[in-house]
Amino acid sequence: HTEMATLPLGFNIDAPRWDQGTFVGRLKHFLNITDPRTVLVPEEELDRAKALVEGCRAGLVPPGSSQEQLLYAKKLYDSAFHPDSGEKMNLIGRMSFQVPGGMALTGCMLQFYRTVPAVVFWQWVNQSFNAIVNYTNRNAASPISLRQIGVAYVTATGTALATAVGLNLYTKRAPPLLARWVPFAAVAAANCVNIPMMRQQEIINGVTVTDGDNNELGRSRRAAVKGIAQVVVSRITMAAPGMIILPIIMERLEKFPFMQRIRVLHGPLQVLLCGGFLLFMVPAACALFPQRCSLALADLEPELRDSIMAKHGDKVPYIYFNKGL
C-alpha cells in the first residue's frame, strides 16, 4: 500500500488551463491535445496517465508528483481518451492523429487529382479515415448502430466521389488551377453529409443539455443541429487553407525547371507542406467554437423550453451541451 499525497490546494485537474471563452485560450488548449507527438506515446504510458488523472479526481496522487507531471498526464489523457465515456480511442480516430493522417491523405489527394481512378481511390481512403474520426469523436451519450455507420459511410463516400469525379470531368476545359481545387470541393461536400449522417442519432433523439452547473435539463434536437453544424464548419476550415492555398503554391513551383527535374518528389513535398498547414489548422479549426456549446432558452424546442420554464422559471437563460469534435 503506497502512501498518497494530497493535491496542491485549489488544483483541479479538469479545469481548463486556458480560458475556453476566448479563441486564443481554446487554440492553446487544442494545440496541447492535438499535439501529434502524443501519437508516439506507448499504450502503458497512456494507461498510467489515465490512472494518475483518475486518482487526481479522487484527490489521491502518488507522493512527489509535481503539477507539471499531472498536467502532462492530463494532456495524454485528453489526447487519447473519450471525453464522455473515458474509453481509450482508437489511434486513427484521435485528434492528435489528424496531422500525420490528414497530411498524408491531403497530400495524396492534391497530388493525384488528374485521373478518375486515382481520384476515386484517394477520396475513398479519405472518407474512410473521416468516418473513423467522426465515429471516434461522436457524442458518446448517443449510441449509433453499425447499420447507421454503414449508411453514413456509403453516403459520404458517394457524395465525395460524385463531387470529385463530376467536377473533374467538368474542369477538363477549365484553367488548370481549378482542377487542383476539385479535391477540396469534394472534401467539403462530403463533410456536409458525413458528419450529420454519422451523428444522426443526436439529430433524431437530441443531445443532453444542462444548465450552467451541469444539471441535466433534458434532450434537445436543436442543440444537436447547432453542434453538428459547427463541427461541419470547423472540419471544412481545417482542410481549406492547405487545399486552397497549396495548389496555388504548387502551380507556381511546378513552372520552375528544377521542379520539373524532381517530379518524383512532388508527392512527398505536398505531403510535407500539408503537414505544415495542418499543424496549425487542426487546433485552430477545433478552437473556432467553444467545446461546451450554448443555446439561448428561447431557441429551444417549445416543449423542452416550457418544461424548463415550469421547473426553473427564468433562472436558466442559456443551456449548454458538448458539441463533439
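**Close-up views of helix packing in a predicted model**

α5 passes α6 in a right-handed crossing. The model is predicted.

**View 1. Helix α5 (residues 116-136) against helix α6 (residues 146-170).** The two axes come within 9 Å. They cross at roughly 145°. From α5, the contact takes in Val116, Val119, Val120, Gln123, Trp124, Gln127, Ser128, Ala131 and Tyr135. From α6, the partners are Ile149, Tyr153, Ala156, Thr157, Ala160, Leu161, Ala164, Val165 and Asn168. By class, this contact of α5 with α6 holds 13 nonpolar residues, five polar ones and no charged ones.

**View 2. Helix α5 against helix α7 (residues 176-198).** Here the axes come within 10 Å and cross at roughly 35°. The crossing of α5 and α7 is right-handed. α5 contributes Gln123, Asn126, Gln127, Asn130, Ala131, Asn134 and Tyr135. α7 contributes Pro183, Ala186, Val187, Ala190, Asn191, Asn194, Ile195 and Met198. The α5 contact with α7 has eight nonpolar, seven polar and no charged residues. Gln123, Gln127, Ala131 and Tyr135 of α5 meet α7 and also meet α6.

**View 3. Helix α4 (residues 98-111) against helix α11 (residues 266-286).** The axes come within 7 Å. They cross at roughly 135°, so α4 and α11 are oblique to each other. α4 passes α11 in a right-handed crossing. On the α4 side lie Gln98, Val99, Gly102, Met103, Ala104, Thr106, Gly107, Cys108, Leu110 and Gln111. They meet His266, Gly267, Gln270, Val271, Leu272, Cys274, Gly275, Leu278, Leu279 and Val282 in α11. By class, the contact of α4 with α11 counts 11 nonpolar, nine polar and no charged residues.

**View 4. A salt bridge between Lys74 and Asp78.** The side chains meet at 2.9 Å, N to O. Both residues lie in helix α3 (residues 67-80). They are four residues apart, about one turn of the helix. Side chains of opposite charge can pair when their charged atoms come close. A search of the whole structure finds nine salt bridges.

View 5. Among the elements of the chain, helix α9 (residues 221-253) has the highest mean pLDDT, at 91. Helix α10 (residues 257-261) has the lowest, at 84.

How values were computed
Residues numbered from 1 in each chain as written. Predicted model: local features only at pLDDT ≥ 70, side-chain atom pairs only at ≥ 80, totals over all residues. Heavy atoms only, no water. Axes fitted to C-alpha atoms, helices over the stretch in contact; angles between N-to-C directions. Helix = DSSP H or I, 4+ residues; strand = E, 2+ residues; numbered from the N terminus. Parallel < 35°, antiparallel > 145°, perpendicular 65-115°, else oblique. Left-handed = near helix turned anticlockwise from the far one by under 90°. Contact = heavy atoms within 4.5 Å. Nonpolar A, V, L, I, M, F, W, Y, C, P; charged D, E, K, R; others polar. pLDDT = per-residue confidence, 0-100. Salt bridge = Lys/Arg side-chain N within 4 Å of Asp/Glu carboxyl O.
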